[in-house]
Amino acid sequence: MSLEHFLNEVSSSWMNQEGPESEIVLTSRIRLARNLKNYRFPTLFSNEEAREIISTIKDVALNHFPDEIHAEFLKMDELKPLEKRVLVEKHLISPQLAEEANVGAVILSNEEDISIMINEEDHLRIQCLSPGLQLQEALDKAENLDDLLESRVDYAFDEKLGYLTSCPTNVGTGIRASGMLHLPGLVLTQRIKQIIPAIHQLGMVVRGIYGEGSEAIGNIFQISNQMTLGKSEEDIISDLTSIIKQIIEQERSAREALMQTSNIQLEDRVFRSLGVLQNSRIIETAEAAQCLSDVRLGIDLGYIQNISKHILNELMILTQPGFLQQYAGRTLRPYERDIRRATLIRERLRLEEIK
């Protein structure tokens, strides 16, 4: 396995698998925040401490992880800015880790469903991903890795508080669970305006596609727990799963309402967006994301029969600025990216029609 695999493969193999409720829930993610005992948090540690932490975790991952993970180790200071941007766009590293030029690293699995970020906000961020609504499955994977690591390194842990972390909101279990949801029905019916405040009142957070501070482009929202102290991992997973299931029902209700009251308008919107994608010569990121969202909705509702929804997952990544430039093999100006984005979408959709 090499860096080129992670940079050149558009979609991770696990992304093309079906999961429960996958027409609405794109992915489930578990992230565990951990710190090593006797080391200062990344906000205060020295470069020497950072290197020691990287060396320790690298040794455990490459020598003691199960063979099927096929762990690959990457240091941030050995990656080009564009390479790091691609890893962010594929959700393999966070934007914050990409900025840790001298002290950050990541361990990735061959399937790209496991990412262990080193020296981000905490010494360790263990991330596991699963398709559809499978938070428990993602948690099981994360806990297995966590147990393996904890058997070989000493974590910063307090008997009363739990796992100690840089941010107080992560103290306790250190778990952040989230689901990535496609909610065009709620957006089109404007019900999303009432649902987001209600989610916040239940102790959950709604973010955009790349987490904190990001925009919900393409009607994709990330729903996650806010606090980790005072609740078990099982309770957090159970509460979040319950809320996501309620949102799924609301989304399905919104889609049914649109089909009953505005069916021809909805069908027209879907096929207009498909026409834009099939024929545009210039298209910006936001417009492409919105059109892809409309087409995916059209596939889910049965308006479109000859296009797989999996290629839309692929195109959502392929049309991001970093991946476009990686694909081109050079830095592109914004205008050039818009042209190349339109070209790639046309070509990919044309290939789909030939099948």
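Is arginine 34 buried or exposed?

1. Arginine 34 has 1% relative accessibility, so this residue counts as buried. Buried means under 20% relative accessible area, exposed over 50%, and partly exposed in between (1.4 Å probe, protein chains only).

2. A note on the source: this is a predicted model, where local features need pLDDT of at least 70, side-chain atom pairs count only at pLDDT 80 or more, and totals for chains, interfaces and linings use all residues. Residues are numbered from 1 along each chain as its sequence is written, and side-chain values use heavy atoms, without hydrogens and water.

3. Arginine 34 sits in strand 1 (residues 25–34). Strands (E, at least two residues) and helices (H or I, at least four) are DSSP runs, numbered from the N terminus. Setting aside neighbours within four places in sequence, arginine 34 is in contact with residues including Asp122, Tyr155 and Thr173. Contact means heavy atoms within 4.5 Å.

4. Now the cores. A nonpolar core is a set of buried Ala, Val, Leu, Ile, Met, Phe, Trp, Tyr and Cys residues joined through side-chain atoms within 4.5 Å. The largest has 55 residues. Those with the most contacts inside it are Ile30, Ile57, Phe65, Ile118, Leu149 and Ile223. Helix 8 (residues 233–261) gives this core its largest share, eight residues. A second, separate core has 33 residues, among them Met180 and Cys291.

5. Look at isoleucine 57 next. Leaving aside neighbours within four places in sequence, isoleucine 57 is in contact with Leu36, Ile107, Ile118, Leu124, Leu149 and Val153.
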